[in-house]
Each structure stands twice: as C-alpha cells, then as structure tokens.
Amino acid sequence: INQSQLELRLIDYLCQDWSSEYSISSNQEEISFIVFQSLKEEEDEYVEGTERKKAELDIAVHVKDDSGHTAIAIHSPYWMMNKTGRLLQYNADDIHHKHAFTKNNDMPLLFSFKPRHFLRNNKVRLMISESELSDEFSLDTVGSHGKVKCKGIHKDYLVGVKINASSFSLTRIVTFVPFYTLVNKTKYKIFICEDEGDTWTEINPEQPATPFWPENGTKKLKIKVDGCLTPPLKVDFTRQENSLLLHLNDSLGGIIVDVNLSEHLVTIQFSEYRDGSAPFLIINHTNDQTLYFNQSSQKEIEKEELEAGKAVYYTWTDPTGSRELCWTCGPYSGTLKTEERKLFVISFFEGLQRVVVFTEDQDIYNLLGESEKMQAAEQEIILLLQNVGVSLVNNTTSQEVSFIGITCSDVVWESQPRKKKRWKILNIKEGDMLEKHFKEYINSSPIEDAIVELENNYKVRFTSNGVDMRMLQPFDAPLRRHFLPGIKVEYSISPRQSTYRVKIHRIQIQNQMQSAIFPYVFYPVKLPKSITMDSEPKPLIDICIVTRAAGHSEIPRIKYFKVLIQEMDLKLDLGFLYSIFDLVNPENTTSMSPVELFEKDIEYIKTDLNDVSAADTSPISLYEFFHISPIKLHFSFSLSSGGEDGSKEKRATEVIPVQSLNLLLKSIGATLTDVQDVVFKLPAFELKFQFCTTQQLQWKVIRHYSKQAIKQAYVLVLGLDVLGNPFALIRGLSEGVEAFFYEPYQGAIRGPEEFVEGMALGAKVFVDKAVGGLAGAAFKMTGAMAKGIAAITMDEDYQQKRREAINRQPSGLKEGLARGGKGLVSGFVSGITGIVTKPIKGAQKEGAVGFFKGCGQGLVGAIARPTGGIVDMASSTFQGIKRAAETSQNVESLRPPRFIHEDGVIRPYKAREANGSQMLQVYESPLS
C-alpha cells in the first residue's frame, strides 16, 4: 500500500485544468494537503530567460480508516462565493487571491490557507474594488454573520459575510454580499440618491436586487418616483422601518418602504400601498370645529387641516423627522396621548390601521374606549394534569433509553382574597411556616378544630380534615392546603378577546441507560433562598397569550404575549446522544448519499442575491407586547459513552452533529473535550407595538438568542475539563457576593428583624459559594487527572466502575473522605490482584490473544490503579467539601429504568420488577 499513487485531475476550474498526485501510505495523517498545478502556462507573465511558473492550488485531504477500508476525501477547506457585483481580493500571510464577479456566478472560488499555517486560528483580510485591505477576520466561525469594512479613497465599502457549514463538515461556505441592497416590488420606476449626493441610481420594477454602496456618512436616502412631480422624500436607511408610507402626488398615491436590518445584510424594499400602511386614519367627529395637525418636527406654517365630519389618511411629511403628531382643535391642543374634558381623543386599531378619533360626544368616546378594555371571560376551560410520564424505549435493543417526567409541586398554601374567585398562593416562607405547624397539629391526633397562633403575629384555624381552614391574622381569608399540577392549561374567551395560559411546573429528563455518565439530563435548578423565600413557587415554563379582535378585520392582534422560563440544567453525554439517535433513526432508514449532499450544496450556492434578500410574504400580525424572559442554562457535556457500546465501529461512520463538530474543530487546530457546568445567560427579548409576520418574528427571536449564545461561546473554552472549569469558580464567588448584598436589601424593607435574618442568610450563602467554588474547581482538576490515569489501564470495566462511583456524589465531607479512602484501598488491591485475574478473564473471552492482552492490562493496572486511587481519593475529598458547602437540594430519580423481559415485549411498567433489576445491576461481586 505504501507504493500506491493516485493521479488526480481537476477539470475546468477557472477555465483551465489542474493536476496533482497523491501517495497512499499506511500511516497517513488524518488531515494533509496536496498541491494542484495548472496545465495552462502563464504566457502573459513569461519573461525571457526566467523559469515559467505554473499557478498552484492547495487542496486538503482527509483520511479516515473504517473497518477494512480507507476513505479519502479530497476537499477545499473554504468555498468563497462573491455576490457583491465587484472584484474581491483575499489576503492572508503570503496568499493573495483575486475573485472576480461574473453574471452567472454559480461556482465558488476554492480557498485555503497555506498548509504550514492551517491548524491555527487563521484570519483573512478583504479588499473590494480599489479599497484598502480590511481588518483581519476569521472564516471558521460557522453559523455566524457579520459585516466587514473596507476603507477606500472616495468611500468606505461595507461587505456582508455569511459563514455556513457544508454537508461535508470540513468545508465552510463563505458568502460575500453587499451590505445594502435595493429591491423594487412596485409597478413604478424608482430613483434613489444619497442625501447631499448627485448620483441617482435607477431601479426598474421587479428587477433583481440591486447593490447599494453609500458614498458619504449622511445615512439618508433621497427617493423619487418616475412621474411624481413632488420633491424627493428622505429615508434613514440605517434604522429599522416596518411599512413606512411615503406620500406621493394624488395621481400616484404612495409607496411603502421597508428597511430590514440584519447582522450581514440591510434590505431596502419598495412595495405597493396596502391597507393599514398609513400611520393614522384621522376622523374629525366634532360638530363645527376644524382640526389642524402637523408633524412635531415640522414648522407651524406646514399644518394640515380637516373640517368637521371628515376623515383623512395621514403619513409623515418628513420620514426622517420625529414620529409625533401635534394637533389643534378650537381652544384645545396637544399630542395624541392627551385627553381633554370637552374634546375627547382616542386611538385604536382597525385591522392594521391605527385610527385616531377627535369627538365632542362622550358616548362615542366611551363606546370606543370600552372596546379596548380587557374583558371578563364568558367561557373558560381549564385542564389540569397532576403528573405526566413518557417512556422512550428502543424496541431493537429492548432497552429503555429515557424517561421524561412532568411532575406537580410540593405542598403549597393558598388563600382566597375577598371578592375574588381565584386562590392566591402564599410565598414560600409563609407556606413553610404553615406546613410545619399543620403537621404538628395533625401529629397530635386532633379531634376538634384548633386556632393556632404562629410567629410574626399570624393566627390560623386548622381543621382535622383539611377543609374550611381559615387565615385569621394578619388578614381574614379562607385557607387551603394544595399543590400545583404538573400541567395547567387555561383557555378563556369573550366577544373581543381570547386568553391562553399554559403552566408546566417541572420537567425532568432521566437517562435510563445502565451506567449513565449523567443520570439526570435535564431539570430545573433550585433557586437560592434569597429569591424563593419571599416569592411564591414558580413553574418552570409559564406562557400567557392574550389576543384581541382587530375591529372588523381578521388581522391577528396579539395584545400580550409573555414567556417566563426558570433556570435550567442540561447534562449530555455521548452515550445518551447515540441512544437517542438510534431511537429516532432506525437502522433500516436510508440517509442521503454524499453525492446527493454535494448536489444540495451546489444548489445552495447558486441562489442569487434576490433570493438572499427576499422579503417575507406571510400575513402580518400586530404585537403590542411580546416578551421572552432571560434564559439561564447550566450546561455539561461528556465525550464518554458510559457502559459498553456494541456499535463503536459504526459510530465512527455516522454523520451526527457531535462527530461533525469534532471534525470541524480538529480542522482549525482545536479539540472537543468534556465541559463541566458552564452557564449561558441569554438576556430577555422584547417587542412593543410592532407589525411582524410569523417568519420575521421567528427570525428575530432566533437571531437574538443565537447571537448571544455565540458571544458566550468563550465559556466553553474556560470550561474545559482539564482546566478544572475556573469559570464556575468565578461565577460561584460572584453569586456569593451578589447574595450577600442582595438579601439584606430585601430584608430591610420589612423591618429590623428581617434585616438581621437576611444578613445571616447572606453570610451563609457567601461562605457556601466561596468554599464550594474553590473545592469544585479542585475536584474537577483532580477528576480530570484520574480520568486520564484510568484510561491508561485499557480496562473498560475498571473505567466504568470508576465513573459509576463518581456519579454517586457524597452527601458531605465525611462520606467524601470515606469514599476516597475506600477508593485508595480498592486501587491497591485491584492493581495487585489484576496481575493474576486479568490474564484469566482475557483467556476466557478471547483465548490466547486475550490471555496476552490480559497480561498487559494486569501489569499496567498494577501501576496505574494505585496511582489513580490516590488521585481519586483527593478528588472525592474535594467533592465532599463541595457537597458540604452546597445548599441546593439533590435531584431525585422519578423511577428506576423499566425492566424488559427476554422476549422483548414491552409490558406495563412494574415498580417491583424495575427495583429488582436495578438492585442486581448495582450489585458488585467480590471477584470483580
């Protein structure tokens, strides 16, 4: 095999053919490079007496051995797509490529950094037309978008950059587009010119997107329409505009301008007038008063007038000016927000159109105002589910993969305020106090009701059957002992309003695989006492939506949309991901072939600029208030699979995100490693009074959170397993200091006694966080060392049992010390006995080959196991210190994994069988 060679030809790339050779060897590097040379001689650059130099092209080669055959993938690390309409040049180290734009520009430029620099954090500089080189930027941040500024002599160029992954993970598709594009979807010919400029650009109806390159810093655009005699109107093209109506003369009416901003592209689109485009429909409902109005940034002499009993559509005279309308009607004047006693002004929506009515008739005002008020529900449907469980079972392997449980809360106490139908939950501090005294009352075997005086001047009446209890002091109200259901769905409807409310109290996802690295995949994080003591229990997810009828229109009007999500913990290991992948992708399903995936990539790069900047055509809705709360996610990830994986050879060939990500990181010189408890804090997303299509809203939300997640990706670098996750230590200390100053502030509001309580609690949290953070970092560092030593033993059974022991966290310092001592003794004993037992076990499994393999494992284990035991002892001790300092509660299993009989038939779950099976699996025989 070391004497074989491949002759390669690249046909008709850049109007010429290229050739290269590749030698096949048994110890080939995973990623290497070959050089293609052009078969066309550069006659223009040839000088007499010098040696002809042929053009060269660096192409990467990825080699992967797969159970008996070797796959050689010849690829370009980057496909560069030029959609700017201008000449681009790329510069990096000693590389300089020119990339001309052609009309049918549907083939990429193959780009690569020099092989000696490839496995580094490489950056490139861009030049467009006659500009200077830009600042350096990376081409490896897949999924990110942005803009690059190239300074020129006469103007600065802004180029949008979009980096996407191809179907083959090692190739990135880098698309360059003009940052500003113009789209004309009207039936008129439109001319645009930059403010203070004199160069007009013509945009014909329905022509492809036109690049726009600003030449000065005015940020304003002059717009005129063919056939319109009025002066050009100005628009700020750096500000988001949604259906901005431009007033033309009476014969043409008006056109709409939309300015859609994104990180890599600004689309300025012109479209025809549609209903609801005018900012106001002004109605003068007075008896004989003339209404005068004007844009507040305009002069008084430019006021428009509206006679009594008439209506007019109004749009801004100066689109770049203020967005406030001033009005005068007889002795009254003001803005639209002002309401006078004798002249009533009210604003409301009729479909997409905002209507403003000026009237002297209070009945008309009351009637219109009543339609905007919140209404009591005429019909109401409430669905309550106490607990819901979903079991995911793989029929092929006859194994329960995961259990998803939605569970109810612990006991809560509720009171019913006067003249209210709904019960109000008391805060956790009051609930804990009532629960404590109620249990004492029940344990005394009461026969009669009892009036009990509690601390803080509380007085309640308890009943033995829990019915008709009452709060007597500090207020008088019915009292009940209750719980919050796992799922609560409420739907109420009135003539002009619909309300939806969904509450999910708690979701817990368990990894039911034997010897899981993380037994609990997803669960809510218990909040610190500083937040929970004075607030009521909150569900994990709370969604509330209020929709209104928009007059006589069917346009959706969302008056209130709010999502609250509590703090979460997500822990994934490779074994769990593989199990889920096998569950949703059975072996008999066929995936796309590499050729089909390649053709899909070609179709993607052929999309023209008009498709890139195409606007959304789905229906528009009005969102008066849209809010998604901040998302705080604790994330852990392990590359270990946990337990035996009988498909390890198959795993290497599967195209799943983890493998693709590892391959991608490897190509830029990085390595995917374990991640321990890194925290992503994504800020809230909010809109107020905006017109959006569903697609636009989805894009805004996705862009908001993905942008923040990419910004916080540095957390993964600080959270690497070998570094002991110092970010968690920094976060732990900062949380402690925050609690120390925050809780006393809360307590001071209520009085001196509570202030003292808050100070004591704050000091405790500070000590917990500081000590726990230091001990946690030390535990992860020693744990990473012990993990490496365990891998040296080449004994999967030993590594698995060590992982299981680590996953069973000690309850405190005492148990941590005891477990560390046991691990140390066990390491010495198993290391010495392994010299004898490993060859015997190896011979039983694999015969003579297994015997000699066992001898090697026994000898290595005699050294590695005692060493690992010493390091594990230190790790367990630090883990015990961390657990002793923590104040959060442990996560409890919802139920043991389902027991499936040998016949593979899935039967109803039986707790007795599941508990018995788990006991047998946990049991360790003395010989092991």
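1. A handy definition to begin with: a residue is called exposed when its relative accessible area is over 50%, buried when that area is under 20%, and partly exposed in between. Ser445 has 59% relative accessibility, so Ser445 counts as exposed. Please keep in mind, as you look around, that this is a predicted model.

2. Let us stay with Ser445 for a moment. Where is Ser445 placed? You will find Ser445 in the loop between α2 (428-443) and β37 (450-454). Its backbone deserves a look too, as the phi of Ser445 is near 50 degrees, a positive value in a residue other than glycine. Most residues other than glycine have a negative phi.

3. Lys219 sits in the loop between β18 (210-212) and β19 (220-225). Is Lys219 buried, partly exposed or exposed? With a relative accessible area of 47%, Lys219 is partly exposed, because the exposed class begins over 50%.

4. Next comes a peptide bond to check on your screen. Gln473 and Pro474 are joined by a cis peptide bond, with omega at about 10 degrees. Most peptide bonds are trans. Pro474 is found in the loop that runs between β39 (469-473) and β40 (477-483).

5. Now for the salt bridges. Side chains of opposite charge can pair when their charged atoms come close. How many salt bridges does a search of the whole structure find? The search finds 20 salt bridges. One of them is formed by the side chains of Glu241 and Arg323, at 2.7 Å from N to O. Glu241 lies in strand β21 (residues 241-247) and Arg323 in the loop between β27 (311-314) and β28 (325-329), so this pair ties together parts that are 82 residues apart in sequence.

6. The two partners of that pair can also be compared by their accessibility. Glu241 is buried, because its relative accessible area is 5%, whereas Arg323 is partly exposed at 35%. Arg239 joins the picture as well: Arg239, Glu241 and Arg323 are linked in a network of salt bridges.

7. Glu435 forms a salt bridge with Lys439, and the closest N and O atoms are 3.8 Å apart. Both residues lie in helix α2, four residues apart, which is about one turn of the helix. Glu435 is buried, with a relative accessible area of 12%, while Lys439 is partly exposed at 46%.

8. Which side chain meets that of Glu435 in a salt bridge of 2.7 Å, N to O? The partner is Arg481. This pair links distant parts of the chain, with Arg481 in strand β40 and Glu435 in helix α2, 46 residues apart. Arg481 is partly exposed, and its relative accessible area is 37%.

9. Finally, take a look at Arg895, in the loop between α14 (813-885) and α15 (911-922). Is Arg895 buried or exposed? Arg895 counts as buried, because its relative accessibility is 15% and the cut-off for buried is under 20%. Its side chain makes a polar contact with the side chain of Glu400, at 3.2 Å. Leaving aside neighbours within four places in sequence, Arg895 is in contact with Ser391, Glu400, Phe403, Gln510, Gln512 and Tyr909.

Definitions and conventions. Residues numbered from 1 in each chain as written. Predicted model: local features only at pLDDT ≥ 70, side-chain atom pairs only at ≥ 80, totals over all residues. Heavy atoms only, no water. Helix = DSSP H or I, 4+ residues; strand = E, 2+ residues; numbered from the N terminus. Buried < 20%, exposed > 50% of the residue type's maximum accessible area, 1.4 Å probe, protein only. Polar contact = N/O pair within 3.5 Å; in protein donor to acceptor, adjacent residues only side chain to side chain. Contact = heavy atoms within 4.5 Å. Salt bridge = Lys/Arg side-chain N within 4 Å of Asp/Glu carboxyl O.
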